[in-house]
Amino acid sequence: MQSNKKNCLISNKFKKYHFDDFTESHYNLLLKTAKKNYAFENFGTKSKDPHIILRHDVDLSVHRALALAKLEKKHKICSTYFFRLRSEFYNIFEKSVLSKIHEIIKLGHNVGLHFDLLFYEKTGKNLIKNLNWEKKVLSELLDEKISVFSFHNPDTKNALSISDYRLSQMINVYSKKIKNSYYYISDSNGYWRHSRLFDLLKNNNEKKIQILIHPEWWQKTAMSPRNRVIRCIDERSKRTLETYDAILKESKRKNIY
């Protein structure tokens with residue numbers, strides 16, 4: 001009896017975070033619900049009709065990004081995926097990672113730069129110079145034009161105070177122009193930051209919405225945000241070890257452990 005009571009208290013404590021929202025099945029439901037009242041547009045659109053700009057800041061997992069990109073393709077929805085050059089969780093230059101990004105592009109989605117302003121905190125280098133360099137690297141790596149960027153962890157280093165609509169010939173998704181024109185909703189850190197997306201789409205009270213999704217939060221089964229991060233790390237570790245084992249096997253070398 002005591003154990004059941006404790007489990008109930010734990011369940012109620014986390015109920016407000018809607019863990020069940022962050023699954024592939026619920027993502028399908030969100031896309032279906034959104035299409036009933038909204039069109040999907042890209043950054044830079046001049047549409048005055050009700051529409052959504054859907055974006056993904058890929059912080060932890062390109063594999064999860066590809067999974068969501070495939071779901072969006074089924075619903076004939078185009079979104080923009082922003083990738084980091086300086087991630088602690090994936091290496092954009094890695095062959096398997098790069099191939100998945102190219103697959104996302106082939107599905108018809110756009111790509112942008114996810115720029116970590118905090119990385120340059122101690123260098124004293126010019127913002128435009130750094131944006132130009134990362135834009136050039138990403139563009140050449142993907143063989144794609146990069147025309148939009150988002151700041152990583154924009155609450156740090158006063159990134160939100162940078163209100164220019166364009167920098168380095170890229171649209172700044174946190175610009176004053178976009179912030180003043182769109183209702184903004186985010187799943188940062190694995191929970192809804194401003195309002196619950198399903199309720200927002202169902203009520204249909206906002207004409208123009210910018211939705212920020214971080215693919216790592218969206219798994220096949222519901223779990224806490226920290227466990228979702230652990231899962232991403234464990235899967236990457238597993239794939240790294242499999243790569244090592246495969247190299248030794250192919251070269252017919254001893255794998256001693």
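User: Is H26 buried or exposed?

Analyst: First, a word on the model: it is predicted, with local features needing pLDDT of at least 70, side-chain atom pairs counting only at pLDDT 80 or more, and totals for chains, interfaces and linings using all residues. Residues are numbered from 1 along each chain as its sequence is written, and side-chain values use heavy atoms, leaving out hydrogens and water. Buried means under 20% relative accessible area, exposed over 50%, partly exposed in between (1.4 Å probe, protein chains only). H26 has a relative accessible area of 10%, so it counts as buried.

User: Which residues does H26 touch, leaving out those up to four places away in sequence?

Analyst: H26 is found in helix α2; helices are DSSP runs of H or I with at least four residues, strands are E runs of at least two, and both are numbered from the N terminus. Contact means heavy atoms within 4.5 Å. With sequence neighbours up to four places away not counted, H26 touches D20, D21, R196, F198 and W218.

User: What covers the buried residues of α2?

Analyst: Helix α2 spans residues 24-37, and its buried residues are E24, H26, Y27, L30, L31, T33 and A34. Their cover includes β1 (39-40), β2 (51-58), α3 (62-74), α7 (197-203) and β9 (208-213).

User: How far apart in space are W192 and I162?

Analyst: W192 lies in the loop between β8 (183-186) and α7, and W192 is buried, with a relative accessible area of 10%. W192 and I162 are 30 residues apart in sequence; C-alpha to C-alpha, their separation in space is 24 Å.
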